[in-house]
Amino acid sequence: MVDPVLEVPQEADRVEVLPHEVAGIPVQTERLGVDHDTISALALESPSGAQGVSLLPYYGGERTPNRPEAVGTWTGLRTRTTRADLARAAFESLACSLTEAVGQLTRRLDAEPARVLLVGGAARSEALRVILAGVLGRPVLVAEPAEYVAIGAARQAAWTLTGAADPPPWPAPRGDEVVAPATAEVLERYALLRERTQGWEPGAHGRAD
């Protein structure tokens, strides 16, 4: 499974493309001994919130937020926790990370995205599609496969060469719209875990202070 790309076109026809690590999914796939299709199906067997299980998938540090020394952290594990819960928590953590990235773009650009377009290898996962739409609380358009990074780079190059005030026309990608019930509580619990671990040292079992 490769990195997904979350594309947030703005009303002004400006495009921001933000790649994200999906380290938590391959790690959990390996730990559960399943393939990508199976972990996606497993995740959808667990209810929203993964029965209280949350994950910060910072196995190799994190860029957003800037925590290069952070480590992966699980919470909410109980004797009733199932394989499906672990799979769901991994996808929910990725969805929360992407949702927070959209929030950062929105604040920096001072504009709401006209739509959220999900592309890349991970976009093939039904679990990611459904869970992301729920955590975002808005529809997600899953684009038809294409070389969107290369297309975007070519468009930017053409814009630079022409020297025009506006970028050259770019037909909007087509795809399937995914709608799911909003799950704001998943994002709230993820944010709480992130804040609680802010002062932890790598490998420590408690706060550094």
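R88 and E92 are separated by about one helical turn, because they sit 4 residues apart in helix 3 (residues 83-109); helices here are DSSP runs of H or I with at least four residues, numbered from the N terminus. The side chains of R88 and E92 meet in a salt bridge, at 3.0 Å from N to O. A salt bridge is counted when a side-chain nitrogen of Lys or Arg lies within 4 Å of a carboxyl oxygen of Asp or Glu. By this rule the count comes to 4 salt bridges.

The model is predicted: local features need pLDDT of at least 70, side-chain atom pairs count only at pLDDT 80 or more, and totals for chains, interfaces and linings use all residues. Residues are numbered from 1 along each chain as its sequence is written, and side-chain values use heavy atoms, with hydrogens and water left out.

**Salt bridges around R194**
- E100 and R194 form a salt bridge through their side chains, at 2.3 Å from N to O.
- This pair links distant parts of the chain, with E100 in helix 3 and R194 in helix 6 (residues 184-196), 94 residues apart.
- R194 also forms a salt bridge with E195, where the closest N and O atoms are 3.2 Å apart.
- Salt bridges link E100, R194 and E195 in a network.

**Burial**
- R88 and E92 are both buried (under 20% relative accessible area; exposed is over 50%, partly exposed in between; 1.4 Å probe, protein chains only).
- E100 is buried, as is R194.
- R194 has a relative accessible area of 14%, so it counts as buried.
- E195 counts as partly exposed because its relative accessibility is 45%.

Definitions and conventions: Helices (H or I, at least four residues) and strands (E, at least two) are DSSP runs, numbered from the N terminus.
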